[in-house]
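The following report walks through selected local features of one protein model. Please keep the sequence and the structure in view while reading.

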Amino acid sequence: MIRHDMTTWASLSRRTLLAVLAAVFCLFACLPAAAFANDGDDEDDSNLVNPQQRPDSSFIYDSSIVDLSNADSYYDKQTVQITGEAVGDIIDARDGMVWVTLAEASSSSNASVAVLMTRESASHIDTLGRYGTTGTMLQVRGVFHLACPEDEGLSDVHATSVAVAAKGSHHADEFRPEAFAFGAVLTVIGFALMGLFRYLRERQR
């Protein structure tokens, strides 16, 4: 009895499998040929890979001037964004462009980088940093060149956008008496030693 049931079950399983295969075959046979092949007139060109397309280098690295001053080839020709103080002088470059030196805003570093920008962008600089003056803080976005072939191998940034982060300011030097304290103490000690020397010399006579 058990053997008869197993035979019946095996027969039903084979029939079910054949029925499923037949249904799948009918389904694929009924589909239009366009579902499997696409002629030249209906080809979707937007989905093709263009082997001549250059890699996208528009990713922006929000960097510091210290990073760029110590940069290696990883940063070369990358779009970077930096913020720094405009210092020194505005120097004429070429084709209506000028050079502006941006210094690291942090007082703990003297790193700087040359930025090539349009004269119009440089006109937003109201103050250049120097002794007694804090220069305009600029936020610059542009392409960093580790050794620019157009500028004799100079490491620079070719600006694509320039914005003022903070205006410059003039400030008078503050008189700080504590800065002279050490010198004053040394002067007093010097006079005391000189007086002691003269006193000892007079006693030896």
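Phe 182, Val 185, Leu 186, Ile 189, Leu 193, Leu 196, Tyr 199 and Leu 200 make a nonpolar surface patch of about 820 Å² (patch residues have over 30% relative accessible area and no salt bridge, with nonpolar side chains joined within 5 Å). This is a predicted model, in which local features need pLDDT of at least 70 and side-chain atom pairs count only at pLDDT 80 or more, while totals for chains, interfaces and linings use all residues. Residues are numbered from 1 along each chain as its sequence is written, and side-chain values use heavy atoms, leaving out hydrogens and water.

Leu 200 lies in helix 4 (residues 181-203) (a helix is a DSSP run of H or I with at least four residues, a strand a run of E with at least two). Leu 200 counts as partly exposed because its relative accessibility is 42% (buried means under 20%, exposed over 50%, partly exposed in between, with a 1.4 Å probe and protein chains only).

## The largest nonpolar core

Among the 23 residues of the largest nonpolar core, Leu 102, Met 117, Val 140 and Val 157 touch the most other members (such a core joins buried Ala, Val, Leu, Ile, Met, Phe, Trp, Tyr and Cys residues through side-chain atoms within 4.5 Å). At least two residues of this core come from each of several elements, including helix 2 (65-69), strand 2 (79-92) and strand 6 (137-148).

## Thr 127 in its loop

Thr 127 sits in the loop between helix 3 (119-122) and strand 5 (133-134), and counts as buried because its relative accessibility is 9%.

Terms used. Patches are made of residues with over 30% relative accessible area and no salt bridge: like charges are joined within 9 Å, nonpolar side chains (Val, Leu, Ile, Met, Phe, Trp, Tyr) within 5 Å. Accessible areas come from the Shrake-Rupley method with a 1.4 Å probe; for residues, only the protein chains shown count as cover. A salt bridge is a side-chain nitrogen of Lys or Arg within 4 Å of a carboxyl oxygen of Asp or Glu.
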